[in-house]
Amino acid sequence: MAVIYSDYSRARIGWFFGLSGWQLAVVASSTTPVFWSIQAGAWISAGLFLALWVTITVVTVTPVRGRSTFGWVAACLAFATGGLAGWTRFRSKASRGQVDALEEADLPGALHAVQIHDGPPHGASFSRVAIIQNHSTRTWAVTAAVVHPGIGLREIEERQRQGQALSELLDMASQTGLIDEILLLVRSVPEDGAERDQWLARHRRPGGSPGARQVNDELQQTLTRASVRTESFVTVVISEGRLGKAAKESGGGLEGRARVIYGVLGEIEAQLRGGLGMTSVTWLTSPELALASRTGFAPGDRAGIIDALSARHADPAVNADVPWAMAGPSGADPVARHYSHDAWNSVSSTIKLPVKGAAMGALLPVLTPTEPGERRSFLVAYPILSQSAAGRQSATSEWAADIGEELRAKAKVKQNAKARDEAEKVRRLDTKLARGNSLTRPYAVCTVTVPKTAMVSEFGRRLDASVRRAGFAPLRLDLAQDVAFAASTVPLGVSLTRKAD
């Protein structure tokens, strides 16, 4: 029988009948005019203020598609202001003929403050790993391209062992005291047949059978449209606040930070290859990372890049690298319900964890395209809390659960099964933290990318249907499609848990 993972709880539990502190403050303060009117004997005014209090309470307490009404108003105002002022509209410097340095990244939206550094020579091949610095969020990140054989044909015991290995990876990352977040990104890219075309060009004989050639061409055309290519990345994110202190002991500057990061990468790679069973872990250099970024924005460009790489083997003078000044889109425009970049449109949704739990491998339908030319990408992020922050959150949640139970008992309100289960999970959390486990707030974002000739709203609906078929609930990330796309498709360490300074 498959192992069901369901031991998770809400990040915050309201202690006053499910209300958080700010919600209780708003609801309580809005009752003041009602009591003033009653004290003054102004009953008509009291009735009007009472109606206003009911409206404020409903607006404050009731969430609408994951946000409060105040949150929606603030997001709509910010989105409209950015659109009218032209802040969200992006046109690359290359498209305007204003490129000053090819090595400087020119990326839109949440990626605008990213700078790529070439780290010192590393490993037996002395490769220079790309170190990603995000100036707006004050973080450093390194990305690896990984290959995993998958768990589709694995036994239940092997799946459980790999699930335990993931937990050990997060515990190890927490014990380093440096890692803030681990991002796992998977892209199911439509097969373009570039490698097979090159293979046929090398091995096809001029005097071959015309019938065999026709059969091979028809098979290639049919299978290419029905096939997908899977790309997987692991990104390790470290905050400047944690890295800066350790880097001083290693000489400071970029080289000191690189030495500390390389030490952490060795521990991460050992866990990826060992417990998680990765068959290949390759830390990306700057040209490789630029290629991954460019194909993230424009999946159709991969075939031309593969042809250029093949031509470079025959002629070293051929430049097959993608400069960072051209690694992003030539133009991008965020829309309320999708993201437009170059000749492509993308729709992103997050998933809500089911109360009944989920089995490992249940997310497979989310990565399965429904039509040729459709790309699916998926991000699972594991923000790691420090031990002190985890202890404070556990104590606060347990206190809120106890207070909520006492208030319900005093008011003689029966506690429902959902609230009981959440309280029990919170109390078990303290026991796990005491035994050395780490605390994380995982979340996931899935994205579908299609050409602009296709109806993106229809593919967004299919993405939501795939999420529901996997046993989860989708939540469209309206008004934040650009950030969701950057986090779930481009492996540059962008996440939804940090805000720019």
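**Close-up views: a cavity and salt bridges**

**View 1. Helix α16 and the largest cavity.** Helix α16 (residues 481-489) gives the largest share of the lining of the largest cavity, 3 residues. Helices here are DSSP runs (H or I, at least four residues) and strands are E runs of at least two, numbered from the N terminus. This is a predicted model, where local features need pLDDT of at least 70 and side-chain atom pairs count only at pLDDT 80 or more, while totals for chains, interfaces and linings use all residues. Residues are numbered from 1 along each chain as its sequence is written, and side-chain values use heavy atoms, with hydrogens and water left out. Look for Phe297, Tyr339, Asp482 and Phe485 among the lining residues. A cavity is a set of points on a 1 Å grid over the protein atoms alone where a 1.4 Å probe fits but cannot get out, and lining residues have an atom within 4 Å of a point.

View 2. Glu269 and Arg273 form a salt bridge, at 3.0 Å from N to O. The term means a side-chain nitrogen of Lys or Arg within 4 Å of a carboxyl oxygen of Asp or Glu. Both residues sit in helix α10 (residues 253-273), 4 residues apart, about one turn of the helix.

View 3. Glu458 and Arg461 are 3 residues apart in helix α15, about one helical turn. Shared partners join Glu371, Glu458, Arg461 and Arg462 into one network of salt bridges.

Terms used:
On a 1 Å grid over the protein atoms alone, a cavity is a set of points where a 1.4 Å probe fits but cannot get out, and a pocket is an open set with protein on both sides within 12 Å along at least five of seven lines; lining residues have an atom within 4 Å of a point.
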